[in-house]
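Welcome! Here is a short tour for anyone meeting this structure for the opening visit. Have the sequence and the 3D view ready, and follow along.

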Amino acid sequence: MQVKSDIKRQAILETAYRLFRAQGFDKTSMAEITAQVGGSKATVYSHFPSKEELFVECMMAALENYMSGTLKHLDASRTDPRLALLNFGSSVLNFICSPEQLEVRRLIIAEAARSGTGKLFFDKIAALRTQLSAFLAACMASGSLRRSDPELASEQLGAMLEAEMLEPLLLQVREDSPDERETARAAKRAVDAFLRAYAPAGRQALQLKQCPN
Amino acid sequence: MKSKTEAKRLAILNAASEVFREVGFERASMSDIRARIGGSKATLYNYFPSKEKLFFEVMHQAKTREVDEALGMLNPEADDLKQELLRFGQKFLAVLYSPDAIAIRHLTIAESRRSDSGKLSFERAVVPHEKQLAEFLKKAMKRGQLRTADAKIAAIHLLSLLESELLQRVLLGVLDSVKPEVISGAVRRAVEVFMSGYQRR
């Protein structure tokens, strides 16, 4: 059962999310959020000590919910690494290329420089990335990837996954979000290049036999 | 006379670049820009019909030419492909991660919500650059220096690898300036991974 304060916290997050997206960071005040949620300002502050922290929490809430589902793909003991990375990659792309997440990302980037919230976002994202690094480290330990720096490898994989689609979408060069076939193809190209790059020395990665491209 | 016109145009671009950086695109006005260079507002609009156009030209001038130069340095006849890519990567990141370029990139993403400046910069800078790099990589594939693959995707992968350690940190303001030694390390690691991902086996 959800406790009362969790319900309150959720209500604050939802209201703040709506207001920040509609008006931006500067034009949204804690007073306005309080007025719409109901209750006292002290209650809002007891959940979120500052507007900056509230902004980061509500912008990251969707991402964190989503990631807790998609990170299940990364179970080194159960699936072969290629399949795990393909599923993970497509899933991440489907999420970040959705119109709502693109809008959130633009807002986060726009505010990062001005309000000093960027560091808070970076720490959150880094915590999520740790799970990808841990998966890659397990693959390195079991010999399915060559030994290297798993954190660097996870940043490189993340960048290659986003490479084809994120920038045109972010800059609104293309308006329509990609469908699942398109994200699956982009994920495949990124994962295949990544696996080739990190194939264990002296042999071709087993996974590559299944992917002629 | 042409040189006078060109001098005026450059003066406008420099003034605009300063104003955009100081107050941001949204709060910058054509009047502020005019005030720095003197002359009439009509003259200013004669050169640049809108603030969006002026903004794009500033970016175009600051970044595109330098990236062009970096791409121009790539020698398709060179035997040592890795060396070529290292040199290109070094210059490419030095251009993109200068404080000016970082500020402009922030603005472009923020402004893409309201104007077509993001779209313009992508179509007029990013797309041609990717294409030029893809042509270079295609030659390397034909010469057997890389495995045969989709050269456009290879170019996009190379560019994203070059930026992989820096882009997010810079966009989120965790890093506000990037030291040369950080750039050379990032370039080396990116080119090594790219070469192993695209080498012939």
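The model is predicted, so local features need a pLDDT of at least 70 and side-chain atom pairs a pLDDT of 80 or more, while totals for chains, interfaces and linings use all residues. Residues are numbered from 1 along each chain as its sequence is written, and chains are lettered from A and ligands numbered from 1 in the order in which they are written.

**Chain A as a whole**

The secondary structure of chain A consists of 10 helices and 0 strands. Helices here are DSSP runs of H or I with at least four residues, strands are runs of E with at least two, and both are numbered from the N terminus. Along its principal axes, the C-alpha trace of chain A spans about 65 × 40 × 30 Å. Of the 213 residues in chain A, 38% are buried. A residue is buried if 20 or more other C-beta atoms lie within 10 Å of its own, exposed if 12 or fewer do, and partly exposed in between, with C-beta atoms placed from the backbone.

**Two helices that pack**

Two packed helices are described by the angle between their axes and the distance between the axes. Helix α1 (residues 4–23) of chain A packs against helix α2 (residues 30–37) of chain A at an angle of about 125 degrees, with the axes 9 Å apart. The axes are lines fitted to C-alpha atoms, for helices over the stretch in contact, and angles run from 0 to 180 degrees between N-to-C directions. α1(A) and α2(A) are therefore oblique to each other. On the α1(A) side, the contact is made by A:A11, A:I12, A:T15, A:A16 and A:L19, and on the α2(A) side by A:E32, A:I33, A:Q36 and A:V37. Contact means that the C-beta atoms of two residues, placed from the backbone, lie within 7 Å. By class, this contact has 6 nonpolar, 2 polar and 1 charged residues. Ala, Val, Leu, Ile, Met, Phe, Trp, Tyr, Cys and Pro count as nonpolar, Asp, Glu, Lys and Arg as charged, and the others, Gly among them, as polar.

**A closer look at one lysine**

A:K41 is found in helix α3 (residues 41–47) of chain A. Is A:K41 buried or exposed? A:K41 counts as exposed because it has 12 C-beta neighbours inside 10 Å. Leaving aside residues up to four places away in sequence, A:K41 touches A:M30, A:A31 and A:T34.

**Domains in both chains**

In chain A, 8 residues of domain 1 are in contact with 10 residues of domain 2. The domain 1 side of that contact in chain A divides into 7 nonpolar, no polar and 1 charged. In chain B, 8 residues of domain 1 are in contact with 8 residues of domain 2.

**Where the chains meet**

Between the chains, 30 residues of chain B are in contact with 29 residues of chain A. α8(B) gives the most to the side of chain B that touches chain A, with 6 residues. The residues on that side of chain B divide into 12 nonpolar, 10 polar and 8 charged.

Methods
Angles under 35 degrees count as roughly parallel, over 145 as roughly antiparallel, 65 to 115 as roughly perpendicular and the rest as oblique.
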